[in-house]
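Hello,

Here is the structure you are taking over. My notes on the fold follow below it.

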Amino acid sequence: MTKPDTAELDPVMHAMGFELDTVSPSLLAGRLPVTTRCCQPFRVLHGGVSAMVSEGLASMGAHMASGFRRVAGVHLSINHFRSAAVGDLVHARAVPVHIGRSTQVWEVKLWKVDPESPEKKTQIAESRVTLLCNLPVPENLHNAGDKLKKYVPDAGPAAPAPPTSKL
């Protein structure tokens, strides 16, 4: 499988230095080298960057899991347990908790990697992201999911979105 192009899939996460490693409808994973670009004044990873990574991974996963229909995040809850300092490497992993017809819930965990022993990780944050899914896709954005489709085997053109209620 081709290594995901983070710049193409999520330019904002890419601007912070995040790199995707795994992209599928059931798992998204990647890493973020902690630099001054993504830190708060105390030189630790900014909590907003952790939230952005959580929302970004969950949104990509939900978009794929819904058959490339439009999704919209409606709730993000994140707990920060420990900090990650400039020079640390953070791994992130997103998996679905619930994939329904109108909503999805994704769990995203972030770990700081031990530089001496890369298999040893310390969890630094955990979030839950709730998304509305199967929303109608505007005509002018019909190709919005095309960049993600090349990472999903047998992902043909997205089927037309079913009618949805006006929530």
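How many residues lie between β1 and β2 in their hairpin? There are 2 residues between them.

Some ground rules before the rest. This is a predicted model, where local features need pLDDT of at least 70 and side-chain atom pairs count only at pLDDT 80 or more, while totals for chains, interfaces and linings use all residues. Residues are numbered from 1 along each chain as its sequence is written, and side-chain values use heavy atoms, with hydrogens and water left out.

**The annotation**

The unreviewed UniProt entry carries the annotation "domain: Thioesterase" for residues 44-116. UniProt positions are given in the numbering used here, feature names are shortened, and annotations may be inferred rather than shown by experiment. Over residues 44-116 the chain is 26% helix and 45% strand. The end C-alpha atoms of that stretch are 20 Å apart. Helices (H or I, at least four residues) and strands (E, at least two) are DSSP runs, numbered from the N terminus.

**The sheet**

The sheet is open and has 6 strands. Their order is β1-β2-β4-β5-β6-β3, and the pairing is antiparallel. Two strands count as paired if DSSP finds at least two bridges between them. β1 (19-24) and β3 (70-80) stand at the edges with a single partner strand each, so one side of each is left without a neighbour in the sheet. On average, neighbouring strands of this sheet are turned by 20° against each other, direction ignored. As background, strands of a sheet pair through backbone hydrogen bonds, either parallel or antiparallel.

Now across the sheet, pair by pair:

- β1 and β2 are antiparallel over 5 bridges. L20 stands opposite G30 in β2.
- β2 and β4 run antiparallel, joined by 6 bridges. G30 also faces A92 in β4, and A29 stands opposite R93 in β4.
- β4 and β5 pair in the antiparallel sense over 10 bridges. H98 stands opposite V105 in β5. A hairpin joins these two strands, β4 and β5, through 3 residues.
- β5 and β6 pair in the antiparallel sense over 11 bridges. V108 has S127 in β6 as its bridge partner.
- β3 and β6 (residues 121-135) run antiparallel, joined by 9 bridges. L76 has V129 in β6 as its bridge partner, and N79 has E126 in β6.

**The helix on the sheet**

Which strands does helix α3 touch? Helix α3 (residues 47-65) packs on the sheet and touches β1, β2 (27-33), β3, β4 (89-99), β5 (103-113) and β6. Contact here means heavy atoms within 4.5 Å. The direction of α3 makes about 145° with that of β3. Axes are lines fitted to C-alpha atoms, for helices over the stretch in contact, and angles run from 0 to 180 degrees between N-to-C directions.

**The core**

The largest nonpolar core has 35 residues. Such a core is a set of buried Ala, Val, Leu, Ile, Met, Phe, Trp, Tyr and Cys residues joined through side-chain atoms within 4.5 Å. Buried means under 20% relative accessible area (1.4 Å probe, protein chains only). The residues with the most contacts inside this core are F18, V23, L28, L45, L57, M60 and V90. β1, β2, α3, β4, β5 and β6 each give two or more residues to it. α3 gives the most, with 7 residues.

Best wishes

Notes: Buried means under 20% relative accessible area, exposed over 50%, partly exposed in between (1.4 Å probe, protein chains only).
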